[in-house]
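I opened a new notebook page for this chain.

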Amino acid sequence: MKLSYKQYGKRLLILAFPIVMNNIIAQLQMIIDRIFLGHANDLYMSALGNVSSPVWTTMSFCNSLVMGASILISQSVGAEKREDIGEYAGAMLKYNNIIPIFLCFFWMIFPKPVFMILGVSDNVMPLCLGYVRWYAPLFLLTGLGGSLGVILQTSNYTKPLVVYGCIRSGLNIFLDWILIFGNLGMPALGIEGAAIATVISQILVFILNALYVKKFKSIKLSKESFKVKSSVAKKVSMLGMSSFINQMSIVFVMATENNTLGKYGAESKFGAEIPITVLGIVMKISQILNSIIIGIAAGSQPILGYNYGA
């Protein structure tokens, strides 16, 4: 049954509002992280700016699969094709867990060559390496966590995202305060403490998501669901390709900006690090607006997919 215009608007508000709020909370938490790091050491901000671009490039592999599977699952829900729902969800869960394993080991073993290509200065190179090696294990949860998020969205359960977002961000900020500055008797770990805080908070939210997903049966998975056909994998990857290309283009621009600022900033009175730090701050603030737009798009996607399939 297709939704009317009025029904669409009401459903969009119900689904999109929690996603938008979750995105805003996450962006505010990341801004607070940067404030903590800036107070601890100016170079931490520059290091974080250099790390963000290449890390998000590799994460876009996982995001593209999630996007493609989300569209197909929504269409199958509208068409009431239960078997197809299981196949698409199985493909998403399978490949979105295999790829992050390679990404984790890549960032644990080869971070320095990547940063050298991007023109990271010698002053911040050790900080970048320290941060990314603590952060790399989080890739193991990125694929499965994103897949669980899609299952929640396509099943019209987005309210938990706000609750879990508050828990994640609150815990992350608290752990940042402890681990970056060495409060409550803990050692001051600086930028590595920020990475550890992020990993711990994300693990907790992943566990909460997994426990919640088990409570409903909107998407039923069996052993057959994980025997992915090549045609299913092709559909998922092709639909997610546009998202991947978009992510890659954005990150390419950011990497170029970082290289340019590092090169010409070194010749100015500000040095190589301060311009990159300023760019990172401006980009992070602008992402608050972007997170609202992305939240609305994410909320509309299951509805549009359902209507298309119905």
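The model is a predicted one, and I read the entries below as computed values.

I then listed the patch itself. Its members are I98, I101, F102, F105, F106, M108, I109, F110 and L140. Together they have about 850 Å² of accessible area.

I picked F105 from that list and checked its place, which is in helix α3. Is F105 buried, exposed or partly exposed? Its relative accessible area is 49%. Exposed needs over 50% and buried means under 20%, so F105 counts as partly exposed.

Next I went to N23, which sits in helix α1, residues 5-40. I noted a relative accessibility of 18% for N23. The cut-off for buried is under 20%, therefore N23 counts as buried. I also asked what N23 is in contact with, leaving aside neighbours within four places in sequence. The contacts of N23 are S291, I294 and G295.

Last, I took the totals for the protein. I counted 10 helices and 0 strands. From the N terminus, the order of elements reads α-α-α-α-α-α-α-α-α-α. Of the 310 residues, 48% are buried. The accessible surface comes to about 15,700 Å², and carbon and sulfur atoms hold 69% of that. For contacts between residues at least 6 apart in sequence, I noted that 81% join residues at least 24 apart.

Terms used: Residues numbered from 1 in each chain as written. Predicted model: local features only at pLDDT ≥ 70, side-chain atom pairs only at ≥ 80, totals over all residues. Heavy atoms only, no water. Patch = residues over 30% accessible without salt bridge, like charges linked within 9 Å, V, L, I, M, F, W, Y side chains within 5 Å. Areas by Shrake-Rupley, 256 points an atom, 1.4 Å probe, with all protein chains shown as cover. Salt bridge = Lys/Arg side-chain N within 4 Å of Asp/Glu carboxyl O. Helix = DSSP H or I, 4+ residues; strand = E, 2+ residues; numbered from the N terminus. Buried < 20%, exposed > 50% of the residue type's maximum accessible area, 1.4 Å probe, protein only. Contact = heavy atoms within 4.5 Å.
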